[in-house]
Amino acid sequence: MSSTVLTTKPVVRRSAPSPGPALAAAMLGFALITLDTSVVNVALPAIGADLRAGMTGLQWVVDSYALAFAALLLSSGALADRVGASRAYGAGVVVFTLASAACGLAPGLPGLLAARTVQGAAAAVMLPASLALVREAYGDPGRRARAVSLWAAGGTVAVALGPVAGGALTTAWSWRGIFFVNLPLGVLAIALLTRVARSSRRPAPLDLPGQLTAMTALGALTFAAIEGGAEARWALGVAVVAFAAFLLVEARRRHPMVPLGLFRNTTVAVAVAAGSANSVAFYGMVFVFGLFFQQVLGLSALGAGLMFLPMTGLLAGVNILSARVAARYGARLPIVLGQAVGVAGLLGLLTVDADSSRVAQALLLVPLALGVGFSLPPLIAAMMEAVPVERAGTAAGLLNAIRQTAGALAIAVFGSLAARDMTTALRTSLLISAGLLTLTTLAALRLPRGKGGTRQDLSGGSGSGPQDTP
């Protein structure tokens, strides 16, 4: 036996890091973001009474967060690619946690709105980074689709717990407690992140002109929807000019914040449209019915939260079920079926009035949640599969920015209607939401049937591979 053999060191193969901590950290981050949205809605009347804020002020409590969230999502996806998803996620969680403490300590409405804006900016960094962490941790498309459904389930569990937790905290203590609950969750998310491999950096130039024009357009449009009056006409004009400038900037830049060519992909276009309609229907209805339950029916914050429990309690299970259906039949079926059920649920809610039984009101909210919950995970997974890995952060930011913008505008419009007459606002909001979901259900029929066709479309649409996606 030669000495070479005797002295050769055995080869030690290092196993790939477990994707579990990355998925857990990403789920918790998404849960923080969605918890903050759902927990606030039932506390709005208490915030208004304590801080002497009218309907306009309450709309801004929701939309100052949502607007910063939506506007900065457009570039935060590129930021996640540029600095690495794990670094971006960690920074976002730290800032979000500190801003939550500032919200809970706010002495008045201006301070609360400022802290909510910072919260929204941090959430914008967290969300695409969390989804990019999942994309990086799972290389196999099938396992990744299941991981995305679990990621979405983390958010839906938070949505389910949010109204009840918010109502309980507000009723038993104060509305300030709904923000302090984020502090231990933020600490846990950071602890999980320490067990995640550091993400690689990818070239992703920041588009400051695009970001500024997008923020101006979204801010002006939201202002016009909330404030009304003569100022609304001027704000709407500013929004139109800023949006036109945004399109011009993005079309001419070498590295745009929003590659407009992405929308040539059928899957991307359908996912963005359907996701937006889902946000209008779900978050718009949670906002309107949260006010209806307390201002018209006279329920407490806890009572209002409990009214949402049948609606939200099934969301996590529906998310997981839809992923299994999509794995077997493709994304088209659960997207179309889920949105159709959502439309039926919205039309059923038209029968709700002050004389309806409380049980009937709570149960009639269930089909809307089932429909949205069934269509959203395959919609997100389809969007992520439609783009190459180096565009993961950008695609996640784009999809969620447009979804958040749609939700913010829905709250602005529905809140303005509610300030005039709650009954009329309820009916009009339901019809608007049902109309949008109907249109996007028809649009989703353009997706190919079955798993094979869906994968072909997700690879680039119209015959182009993922490497060709702009």
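## Close-ups of a predicted model

**View 1. Here is the second largest cavity, with a lining that splits into seven nonpolar, four polar and two charged residues.** Keep in mind that this is a predicted model. The space inside this second largest cavity comes to about 120 Å³. Its lining is made of 13 residues, and those nearest the centre are Thr 37, Val 62, Ala 66, Gln 404 and Ile 411. Three helices, α2, α4 (55-83) and α19, each give two or more residues to this lining. The largest share, five residues, belongs to α19.

**View 2. Now for the largest cavity, which holds about 160 Å³ of space.** Look for Thr 156, Phe 282, Tyr 283, Val 372 and Leu 376, the closest to the centre among the 16 lining residues. At least two lining residues come from each of α2 (20-41), α7 (141-172), α12 (266-296), α15 (315-329) and α18 (366-385).

View 3. The pocket has 17 lining residues, and Leu 74, Leu 218, Phe 243, Phe 246 and Ile 402 sit closest to its centre. Helices α10 (208-227), α11 (229-252) and α19 (392-420) are the elements that give two or more residues to the lining. Which element gives the most to it? That would be α19, with five residues.

**View 4. Last stop: Thr 194, in the loop between α9 (182-193) and α10.** Is Thr 194 buried or exposed? Thr 194 counts as exposed because its relative accessibility is 64%, and the cut-off for exposed is over 50%. A polar atom of the Thr 194 side chain lies 2.5 Å from the backbone oxygen of Ala 191. Find Ala 22 too: Thr 194 and Ala 22 are 172 residues apart in sequence, yet their C-alpha atoms are 9.5 Å apart in space.

Technical notes:
Residues are numbered from 1 along each chain as its sequence is written. This is a predicted model: local features need pLDDT of at least 70, side-chain atom pairs count only at pLDDT 80 or more; totals for chains, interfaces and linings use all residues. Side-chain values use heavy atoms; hydrogens and water are left out. On a 1 Å grid over the protein atoms alone, a cavity is a set of points where a 1.4 Å probe fits but cannot get out, and a pocket is an open set with protein on both sides within 12 Å along at least five of seven lines; lining residues have an atom within 4 Å of a point. Helices (H or I, at least four residues) and strands (E, at least two) are DSSP runs, numbered from the N terminus. Grid points are joined across faces, edges and corners, and a volume is the space filled by probe spheres set on the points. Ala, Val, Leu, Ile, Met, Phe, Trp, Tyr, Cys and Pro count as nonpolar, Asp, Glu, Lys and Arg as charged, and the others, Gly among them, as polar. Buried means under 20% relative accessible area, exposed over 50%, partly exposed in between (1.4 Å probe, protein chains only). A polar contact is a pair of N or O atoms within 3.5 Å; within protein, one must be able to donate a hydrogen and the other to accept it, and residues adjacent in sequence count only if both atoms are side-chain atoms.
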